[in-house]
Amino acid sequence: MTSAITRALYKLKRPSVIPGFGLTLGFTLFYLAIIVIIPLSGLFFKTATLNFDQFWQAVTAERVMHAYKISFGLSLLAALVNCFFGLILAWILARYRFPFKKIVDAMIDLPFALPTAVAGIALTAIYAPHGWIGRYAEPLGIKIAFAPLGILIALLFVGLPFVVRTVEPILQDADREVEEAAISLGATRWQTFCQVIFPGILPALLTGFAMAFARGLGEYGSVIFIAGNIPKISEIVPLVIVTKLEQYDYAGATAIACVMLVASFILLFIINLLQQWTGNRSAVK
């Protein structure tokens, strides 16, 4: 026991390239508190000015409940769709060579660099009733812009890079010899993918799903233009919060923001547990 403590103290005291453990830990906690903890704590302190009945009325109003359904439902759907198509894109980029591959690879990152307002205006111009695509969809009875479908397209646009960029490195680093061994033992391509490849990329895919889902919940700039912001039809939660702030209802806005914060944290925590479970399962195998 004494020797273990001595070794632990030696590791803390021995010289390293960066400053010591105490200084770096203190700086990390200070930076985390300034950037994350204090601002988020402000939400709860402001919400605490409401009593329970006022809080419940603010977060369960009919208009707010419809906004929850739109934001959570479409964000979840967009993240699931992006998992499927993002996996395909990551596979193509990691495993194949084709003309203009670098251009396609760069376009994947375009939603990261493009201002969200620009993306929203561009999507609206394309899918509006008189847009390039909207003019052909409107006669068929398919309303894209100023409807939930337009919100879904915007969320697909901004969430796709998160899935591709988390899965692609795993596919590039995957051991091809294991796949070849499975095929040589008689496994079909589908069996090789499901039993050899997919378990290895599942944690990364869950990470990409969680990041795309979280981005969708908080997305504002690219959505408000194409959504039309019609209450109970195409109004998202971030817009409801902004509307509350414009009405100087700061406590109501922070109450809704707290609900979104807690819900997002719970969902991300569940995803992290799933990642840990899949990682441990892969390690055991």
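I take buried to mean under 20% relative accessible area. The model I am reading is predicted.

**Entry: helix α13**

I started with α13 and asked which of its residues are buried. I listed V237, P238, L239, V240, I241, T243 and K244. That makes seven of the 10 residues of α13, so I noted the helix as largely enclosed by the rest of the structure.

I then picked out K244, which sits in α13. Its relative accessible area is 18%, so K244 counts as buried under the 20% cut-off. I looked for its contacts, leaving out residues up to four places away in sequence, and found D249, A253 and I256.

After α13 I came to Y248, whose phi is positive, near 65 degrees.

**Entry: the largest nonpolar core**

I moved on to the largest nonpolar core, which has 39 residues. Which of them touch the most other members? I wrote down Y68, V167, L171, V237 and I256. I next checked which elements give two or more residues to this core: α3 (52-59), α4 (62-95), α9 (148-173), α11 (189-218), α13 (237-246) and α14 (250-284). Helix α11 supplies the largest share, 10 residues.

Not counting residues up to four places away in sequence, I256 touches A58, V59, V64, Y68, V237, V240, I241 and K244. Two names in that list, Y68 and V237, I had already noted among the core members with the most contacts to other members.

**Entry: S71**

I looked up S71 in helix α4. Buried or exposed? S71 is buried, with a relative accessible area of 5%. I set aside its neighbours within four places in sequence and found S71 in contact with L217, I236, V237 and P238. V237 and P238 are among the buried residues of α13.

**Entry: A251**

I placed A251 in helix α14. Its relative accessible area is 13%, so I put A251 down as buried. Beyond its neighbours within four places in sequence, A251 contacts K46, T49 and L50.

**Entry: a nonpolar surface patch**

I found a nonpolar patch of about 950 Å². Which residues make it? I listed F27, F30, Y31, L32, I34, I35, V36, I37, I38 and L40. I checked V36 from this list and found it in helix α2 (residues 21-47). V36 counts as partly exposed because its relative accessibility is 35%.

**Entry: positive phi in two loops**

Most residues other than glycine have a negative phi, so I looked for exceptions. F100 has a positive phi, near 60 degrees. I located F100 in the loop between α4 and α5 (101-108). Its relative accessibility is 62%, so F100 counts as exposed.

F146 also has a positive phi, near 65 degrees. I located F146 in the loop between α8 (134-137) and α9. At a relative accessible area of 29%, F146 is partly exposed.

**Entry: T188**

I found T188 in the loop between α10 (176-184) and α11. Its relative accessibility is 42%, so I noted T188 as partly exposed. How far apart are T188 and Y136 in space? Their C-alpha atoms are 42 Å apart, and the two residues are 52 apart in sequence.

**Entry: confidence**

I checked the confidence last. The protein chain averages a pLDDT of 85. I noted that 90% of the residues score at least 70. Where in the chain is confidence lowest, and where highest? It is lowest in helix α1 (residues 2-13), at a mean of 56. It is highest in α4, at 93. Where pLDDT is low, the predicted coordinates should not be read in detail.

Definitions and conventions
Residues are numbered from 1 along each chain as its sequence is written. This is a predicted model: local features need pLDDT of at least 70, side-chain atom pairs count only at pLDDT 80 or more; totals for chains, interfaces and linings use all residues. Side-chain values use heavy atoms; hydrogens and water are left out. A nonpolar core is a set of buried Ala, Val, Leu, Ile, Met, Phe, Trp, Tyr and Cys residues joined through side-chain atoms within 4.5 Å. Buried means under 20% relative accessible area, exposed over 50%, partly exposed in between (1.4 Å probe, protein chains only). Helices (H or I, at least four residues) and strands (E, at least two) are DSSP runs, numbered from the N terminus. Contact means heavy atoms within 4.5 Å. Patches are made of residues with over 30% relative accessible area and no salt bridge: like charges are joined within 9 Å, nonpolar side chains (Val, Leu, Ile, Met, Phe, Trp, Tyr) within 5 Å. Accessible areas come from the Shrake-Rupley method with a 1.4 Å probe; for residues, only the protein chains shown count as cover. A salt bridge is a side-chain nitrogen of Lys or Arg within 4 Å of a carboxyl oxygen of Asp or Glu. pLDDT is the predictor's confidence in each residue, from 0 to 100.
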